[in-house]
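The following paragraphs guide the reader through one structure, from its secondary structure to the contact between its chains. Please keep the sequence and the three-dimensional view at hand.

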Amino acid sequence: MSLSVNHLLGIKNLTAADLQLIFETADKFKEVLNRPIRKVPSLRDITIANVFFENSTRTRLSFELAEKRLSADVINFSASGSSVKKGETLLDTVNNILAMKVEMIVMRHASPGAPHFLAKHIQAAIVNAGDGTHEHPTQALLDAYSIREKHGEVAGKKVAIIGDISHSRVALSNIYALQKLGAEVMVCGPPTLIPRYLGQLGVQVSHQVRQALQWCDVANVLRIQLERQQGKYFPSLREYALYYGINKALLDSLNRPVTIMHPGPINRGVELASDAADGEHSIILDQVENGVAIRMAVLYLLAEKIKSYN
Amino acid sequence: MRLLDGPLLELTMDRLCQQLIENHGLFAETVLVGMQPRGRFFAARIHQRLEHLTGRRIPIGQLDTTFYRDDFRRGAPLKASQTVMPFLIEKKNVVLIDDVLYTGRTIRAALTALGEYGRPTKIELLVLIDRIYSRDQPIQADYVGRSVNTIQSQRVEVAWTEQGAPHDAIWLISPSYPPPGQGAATPSPNPSI
């Protein structure tokens, strides 16, 4: 068994079998992460460049840790303080990195499609760590994996994605992943933060957070991405928190428990109150833990496609 | 060709257990580790017998060596199996158990993998079938059920009832001589094999 793709550009390109293979491999890496020595030598002859043109904390740390746990050599690049500021193009920057003999590139970029562009033009395996508001495949994988871990399987589960759908790459990747795995998806948020034609992806749309919570088994709460919002999408954060914020009182008023997820970073008191984020049904920190195992699985399975010298 | 089955297989497993008891006494500082994917069935049999013979609980684990193999990115994709190591092996005697010892590469990988669980006092290797003269690396077993001289085109097949076989049996399969009920194998390029 191997992946059907040579790059991880988005969940859209993956098959259900790919997702299962990634999950099964991640199960094995989770065991590795609980050993006294949390490291395997598989990728010791692979060099990986983490190229981040946008800020990131947990994704970048998680990728770097996953790479080191697999014994890969790692170089880090961030756009701030680099020659990008001097006007170097994306292709030139990456080709210069590749000239230093790098086999894999993990890239985050503000432009949707940037990793797809790279995959067409350079000889290296590309992992998309978030491209603008398009896709964030490893986040969707770890979200679905965390649901599988908590609920046994993803198929048949009802998942509500609540919050800023328009500006979220996590939402789109999650919709693809959950649907491929047989879950039902609903998105919920103010009409201004839900793309108009999203229903065409086969998801339900709600503008009432209580209605979404009553329907779902799992609520994946997204961050209000103030940095991506050019205009005014809602009157104030206070009003958003009042109408769409999730707190313990709201969760307790439902007739059954709802698993709470959040891809981080949390705007505490806006989309999620502390008593809900840290509550008994929250699996937010499990998501972070699973992120390393999932990224190890992705890197391992993609490295497998880079054939060694014969 | 049938290598071992029925009473002879039982006798062989009994002998291996007696040899282990000679060296490890009541297994106070010894743990058993079965090799994934196929060695775990044999390891479970040995474990069961040893617990019966000694009347003691003996720790057993299952080790998968996929992430330590030296043929990653060099051939067919590798599929990892589950590792279950519910103990550390620091200052323990480890008996590594596999069904067939062939090139020795899996055991080389296992020795590296075991290092992640602590520094054992000693590691020993127990195998049911030793395909002698086939080693790629300098690895030998301490306890051997049966040694057989084989050639590369042959393979040893171990079938346990736990895997759905009608009865426990170990076969040596030559390309031109499939075991009964297995259908025709691919014809050998050399009919004398």
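Helices, of at least four residues, and strands, of at least two, are DSSP runs numbered from the N terminus. The model examined here is predicted.

Is Asp164(A) buried or exposed? Residues under 20% relative accessible area are classed as buried; Asp164(A), at 0% relative accessibility, therefore counts as buried. Its side chain has polar partners. One is the side chain of His167(A), joined to that of Asp164(A) by a polar contact of 3.0 Å.

Elsewhere in chain A, Gln204(A) belongs to strand S7 (residues 204-206). With a relative accessible area of 35%, Gln204(A) is partly exposed. Beyond its neighbours within four places in sequence, Gln204(A) is in contact with Glu184(A), Val185(A), Met186(A), Val187(A) and Trp215(A). For Glu184(A), which stands 20 residues from Gln204(A) along the chain, the separation between the two C-alpha atoms is 8.5 Å.

In chain B, attention turns to helix H1, which comprises residues 6-24, 19 residues in total. From first C-alpha to last, H1(B) reaches 27 Å, close to the 27 Å expected at 1.5 Å a residue. Its buried residues are Leu9(B), Thr12(B), Met13(B), Leu16(B), Cys17(B), Leu20(B) and His24(B). Viewed down the axis of H1(B), these buried residues fall within an arc of 135°, so they line one face of the helix. Pro7(B), Leu11(B) and Glu22(B), on the other side of H1(B), are exposed. After H1(B) comes Gly25(B), which has a positive phi, near 55°.

The two chains also meet each other. The size of an interface is often given as the accessible area lost when the parts come together. Between them, chain B and chain A bury about 2100 Å², with 54% of this on carbon and sulfur atoms. On the chain B side, Phe67(B), Phe72(B) and Arg73(B) lose the most area to chain A, together accounting for 42% of what that side buries. The contact draws on 19 residues from chain B and 24 residues from chain A.

Polar interactions also cross this interface. Nine residue pairs are in polar contact between chain B and chain A, and three salt bridges are found across the interface. Arg73(B) forms a salt bridge with Asp45(A), in which the closest N and O atoms are 2.9 Å apart.

Note on methods:
Residues numbered from 1 in each chain as written. Chains lettered and ligands numbered in written order. Predicted model: local features only at pLDDT ≥ 70, side-chain atom pairs only at ≥ 80, totals over all residues. Heavy atoms only, no water. Expected span 1.5 Å × (residues − 1). Buried < 20%, exposed > 50% of the residue type's maximum accessible area, 1.4 Å probe, protein only. Arc of directions from axis to C-beta. Contact = heavy atoms within 4.5 Å. Buried area = accessible area lost by both parts, 1.4 Å probe. Salt bridge = Lys/Arg side-chain N within 4 Å of Asp/Glu carboxyl O. Polar contact = N/O pair within 3.5 Å; in protein donor to acceptor, adjacent residues only side chain to side chain.
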